[in-house]
Amino acid sequence: MTSADNLRAFRRDGRIVIVGASLAGLRAAESLRDEGFTGSLTMIGDELGEPYDRPPLSKQVLTGWVPAGGTTLPRRRDIDAEWLLGVPASGLDLATDHVRLADGCEVPFDRVLIATGVRARPWFVPSEAELDGVFVVRTREHAEGLQRALAAGPSRVLVIGAGFTGSEIASICRERNIPVTVAELAPYPLVGALGAMIGEVAAEMQRAHGVDLRCGVKVTRLEGDAQGRLRRAHFDDGSTVDADVAVVALGGIRNTEWLQGSGLAAGVWGVACDTGCRAMDLNGLITDDVFVAGDVARCPNPVYEYRLISLEHWANAVEQAEIAAHNMVNGQAERWPHLSIPRFWSIQFGVNIKSVGVPTFADEVVVTQGSVTDHRFVAAYGYQGRVTAAVTFNNAKWLDHYRRLIETAAPFPPPCPTPDQPLDTKPVPVDFPGPTLLAQGATVVVTGHDPGERRVTAAHQHHR
Amino acid sequence: MTTTEMPDTLHRILDYSSRPDPYPLYAELRRTPVARQEDGSYVISTYRELADILHNPHLSSDVRNLTHPMPSAEGAPTPAFINMDPPQHDRLRRMAMRHFGPPNTPGLVTGLEPDLTATVGGLIDDFAGKEQIDIVDDLAYPFPVSVICHLLGVPREDEPRFRVWVNDLINSIDYDARTDPKEKLEDGVRARKDLREYLGGLVEQRHGRPGEDLLSLLANDDGPDGRMTDEEIISTANLLLIAGHETTVNLITNGMLTLLRHPRILERLRREPDLVVPLVEELLRYEPPVHIIPWRAAYSDITVGDTVIPKGSQIMLMLASGSRDPDRFHDPDRFDPDRTDNQHLGFGSGIHLCFGGPLARREAQIALGELVRRLDAPALLADPPPYRRSPVLRGPIHLRVERNGG
Amino acid sequence: MRVVVDLSRCEGYAQCAFLAPDAFRMHGEEALMYDPEPDDAQRERVLRAAAACPVQAILVDRLEGRTAEQDVPVTAASS
């Protein structure tokens, strides 16, 4: 049989198993059927119920508008799958091509997609994490519990960690007129993702909305009362805050433990793969039958010097799922690379924050349009004289322009003025560790509009 | 990409004889996506380049950024936000939006729906006894005009007066000093002045006497951005009145014309009234009411595709051509209400996206839905119908239909 | 019915919030919050909102109510 015959037979009656039944898993399944895959499709997920959307859990669910159980994802089409839900996968055997489930079942496959995502990082002291009133937010159950606690009118909420999720939750507390303290180890909110300049704006925004923001402090202990209810938090500067609700918003842990011993290059940063979403093994060899998509994938991006990047972004999950699905059922010559520029959004304190690119891949940042004090502006990030990212505050309609600047390795700072000229147009250091240890690779530009025609070519680097 | 290989395609498009079917000329234009004209202006006609430039912050809507000022701008008063750049544009649009849509007034358009249906119903009732109707005069014009008058608080009985002003004004937009009589420009300038004086009188009356209409709300507003000056209110009202007159009428008329040219789709719409929703989107792509944004200015050098447009250049955006670009839309010259991913340029894109789009959509959906429901066998009496002069706001001046001709 | 909005595409044009204000709400000038499972009574309005989105970011369920029961087990898996 030729490989084309093999592929045809596989598309007709092969077996595909998708591990992870959330956004990426569902979209991959739909795309596989769109691509004409008629074989058997098995969806494995550790949560019960249909795939649901998570971004609303820290937003419209916590305001009380939308019930936690009311974010089920719409379906683009029938997927005709067998669903194995409520039991997590516990192992992957690439010698015999089986997924092992925690209940001992074994599920055979010809090709498998890993889309197990991320879980919330719990509070580091288990007994304190068990206290009534201590929450994380990742699943609908988490969100439902926290929503109920907020509705009960707590005297104060403590949010531990001022990343995007923590800041969104603080914003909702203020919207519900609940006193809130935010504790952040870094000097500003959002600083790890967006740098000090934007972090300063975020800090000012939080304080203007009445958040008791404490930066540069660490929560050392959560103290409960005799009934096991949270009543106080202790900080490393000796101070305390009385609170009956604490939200631990310290980011996520990638669900890769089940892949230990599989031989794949899986670890705390996710599962390494190529731009075609094919998993890499520990030796750096690309596998043929194992694919990765979503939050758990760690994928190289040529625009960012081929660094392996893991992204907990909604659009990334959708795009990788579609690329992975396409490549699972197509031959070598028809494969697509995942080359899109990362996009992200957050809604907090009445402001739409959006980003394109990788803001941490930068050495300088400059406001290019609008007014920082009005919270209506665009900031561009640059690395070695080219644009690598942009962030907008209530200025999303311009963001696509900056995506193009990134894709074309346009010079930084952008040389031409716009009518909405900011007061200060001098680039400042981004103030987080830039990718200085990397070898100075070639800059590339991305061409093509559709997944099938997108490619990169090397370009001359701009020098200031 | 920059050539002058077809210097006269644009002029053939602007010529009145092309009004019934400019689309083959648009296809010709698209061979050069960014085309420099003899006079140094640039014409952009392909989808991706249009979508790009509409999101480009270096594209200015302010006439003062043109190296060579436009003739029709002479003596132009305070511009409306459509001809402004951020941050002034954003501020004024936000202030007007406070009383028209979300986040401050989210229920206005849905709240108008019963009135819209009743108005259309009444106009169709008046067809009774007529064998022939004119879709323009009998429905597509009076309907949106009464809606915009009601919204703004402009007396409906003054319509014959401002109809003349609006006409002269629109005619002067595409004034060309080389080919047009000077009166065309002078009439436009005078009409603009008359219309502004008229609106100024209405604003004057509203101060301290807040009513429910937009003029009252603007004249007495105390929102977070403060209050518009009277000049700003007049410019805003002027813009909304003209847009309310000149765009939806084309959308409804082009819609009926397109349906009469596609009888099977018309029949389907009769059976599936919900089809009107995607159908209006397809109309906005296939026969949009606004064909051209006649000028924008390069605030600084702008790179589009492989072309650098120098600072100060005039840029003409051929929106209707972009929506027929085969590189973006499969089989673009086919009217297909089932089309998916219909990201047309019918209302523009970016910060200047049509202010009244949601209202225009509902007006067109309701008007076309009711026309199809209540006309048993309508038939076109002339195809192509006679067109209005403007290549910018393009649509039939009359659309005569036999009520039971089919 | 079920809805999801690709908010990374959303540019805050608010067309949906005009046309189906009970399902789509602007949070401030530009940010959108929406009800992912709006009441069926709003179906017409939600479909109008989805059609009008200038960046086509609104996805409405294509399975029209015959979804989950056949397609997803409600109890834990074991096969």
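**Close-up views of a predicted model**

**View 1. The annotated span of chain A.** The unreviewed UniProt entry annotates residues 15–321 of chain A as "domain: FAD/NAD(P)-binding"; UniProt positions follow the numbering used here, feature names are shortened, and annotations may be inferred rather than shown by experiment. This is a predicted model, in which local features need pLDDT of at least 70 and side-chain atom pairs count only at pLDDT 80 or more, whereas totals for chains, interfaces and linings use all residues. Residues are numbered from 1 along each chain as its sequence is written, and chains are lettered from A and ligands numbered from 1 in the order in which they are written. The end C-alpha atoms of residues 15–321 of chain A are 17 Å apart, and the span is 21% helix and 31% strand (DSSP runs: helices H or I, at least four residues; strands E, at least two; numbered from the N terminus).

**View 2. Domains of chain A.** An automatic or database assignment divides chain A into domain 1 (3–116 + 258–334), domain 2 (126–250) and domain 3 (350–459). Between the C-alpha centres of domain 1 and domain 2 of chain A the distance is 32 Å. Their contact involves twelve residues from domain 1 of chain A and 15 residues from domain 2 of chain A; two residues are in contact if their C-beta atoms, placed from the backbone, lie within 7 Å.

**View 3. Surroundings of Val247(A).** Not counting residues up to four places away in sequence, Val247(A) touches Phe135(A), Val137(A), Leu146(A), Val157(A), Val159(A), Ile160(A), Gly166(A) and Ile169(A).
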